[in-house]
Amino acid sequence: RVVSLASTGHAMARGVPFSELKTDMKGQFTWTRYANSKLANILFARELARRYKDQGITAVSVHPGVVDTNLYKSAFSGVMGWMDKAKSWVYTGVEGGAKNQLWAATGKLGEKKGEVKSGEYYTPVGVAGQGTRVSGDMVLAGKLWEWTEHGLKGYEL
């Protein structure tokens with residue numbers, strides 16, 4: 001199984017900025033770059049699942065929830081006093097944040113609710129159908145796969 005770490009933050013992405021991918025993307029806000037990367041993780045898992053469905057590979061992407069990590073400390077440094085007080089209502093601990101990944105890696109495979117379906121994006125824990133229209137765009141997923149393969153030419157083993 002391949003479990004790709006994504007985020008509901010992917011909803012801020014409008015697509016894949018192919019012309020900027022090999023740049024530092026300094027013209028993009030940090031959260032826009034983050035959203036683009038999480039969208040790419042979802043698209044990767046969907047395309048991997050599509051391309052290798054007959055080879056026994058299960059590929060999914062998951063959102064861990066809002067986990068109490070240093071990511072938010074740097075993102076919200078100016079309001080951390082307030083955030084520290086409020087985070088117990090919003091954030092989950094690292095242990096809780098691992099549950100969706102663990103479920104995706106070990107859960108029963110299948111099409112029913114509570115089962116792991118290859119190509120799906122899950123929010124905690126095991127909730128499907130929460131992706132955006134763009135994150136379900138299989139044409140875009142294929143284009144990203146092809147772009148990546150082209151970019152990796154010459155690095156084959």
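Modeller: Buried residues make up 37% of the 157 residues in the chain, where buried means under 20% relative accessible area, exposed over 50%, and partly exposed in between (1.4 Å probe, protein chains only). This is a predicted model, in which local features need pLDDT of at least 70 and side-chain atom pairs count only at pLDDT 80 or more, while totals for chains, interfaces and linings use all residues. Residues are numbered from 1 along each chain as its sequence is written, and side-chain values use heavy atoms, with hydrogens and water left out.

Colleague: How many helices and strands are there in the chain?

Modeller: The chain has 6 helices and 4 strands. Helices (H or I, at least four residues) and strands (E, at least two) are DSSP runs, numbered from the N terminus. Along the sequence they follow the pattern β-α-β-α-α-α-α-β-β-α.

Colleague: In what order do the strands lie in the sheet?

Modeller: The open sheet of 4 strands has the order β1-β2-β3-β4, with mixed pairing; two strands pair if DSSP finds at least two bridges between them. β1 and β4 (127-128) stand at the edges with a single partner strand each, so one side of each has no neighbour in the sheet.

Colleague: Do β1 and β2 run parallel or antiparallel?

Modeller: They run parallel, joined by 4 bridges. Ser4, for instance, has Ser61 in β2 as its bridge partner.

Colleague: Turning to α1, what covers its buried residues?

Modeller: The cover includes β1 (2-5), β2 (59-62), β3 (121-123) and α6 (138-152). Among the buried residues of α1 are Ala35, Lys38, Leu39, Ile42 and Leu43.

Colleague: Which residues is Lys38 in contact with?

Modeller: Leaving aside its neighbours within four places in sequence, Lys38 is in contact with Leu5, Ala6, Ser7 and His10, contact meaning heavy atoms within 4.5 Å. Lys38 is buried because its relative accessible area is 14%.

Colleague: And what is the span of helix α1?

Modeller: The end C-alpha atoms of α1 (residues 30-51) are 31 Å apart, which agrees with the 32 Å that its 22 residues should span at 1.5 Å a residue. The expected span is 1.5 Å times one less than the number of residues.

Colleague: Which residues make up the largest nonpolar core?

Modeller: That core has 10 residues: Ala13, Val16, Phe18, Ala35, Leu39, Leu43, Val134, Leu140, Ala141 and Leu144. A nonpolar core is a set of buried Ala, Val, Leu, Ile, Met, Phe, Trp, Tyr and Cys residues joined through side-chain atoms within 4.5 Å. α1 and α6 each supply at least two residues of this core. Apart from it lies another core, of 6 residues, among them Val60, Val62, Val116 and Tyr122.

Colleague: Which residues of α5 are buried?

Modeller: In helix α5 (residues 99-106) the buried residues are Asn100, Trp103 and Ala104. They cover an arc of only 95 degrees around the axis, which puts them on the same side of α5; the arc is that of the directions from the helix axis to the C-beta atoms. Leu102 and Thr106 are exposed on the other side of α5. The buried residues of α5 pack against β1, β2, α4 (94-97) and β3.

Colleague: One last point: what is the phi of Met25?

Modeller: Phi of Met25 is near 55 degrees, a positive value in a residue other than glycine. Most residues other than glycine have a negative phi. Met25 is found in the loop between β1 and α1, and Met25 is buried, with a relative accessible area of 11%.
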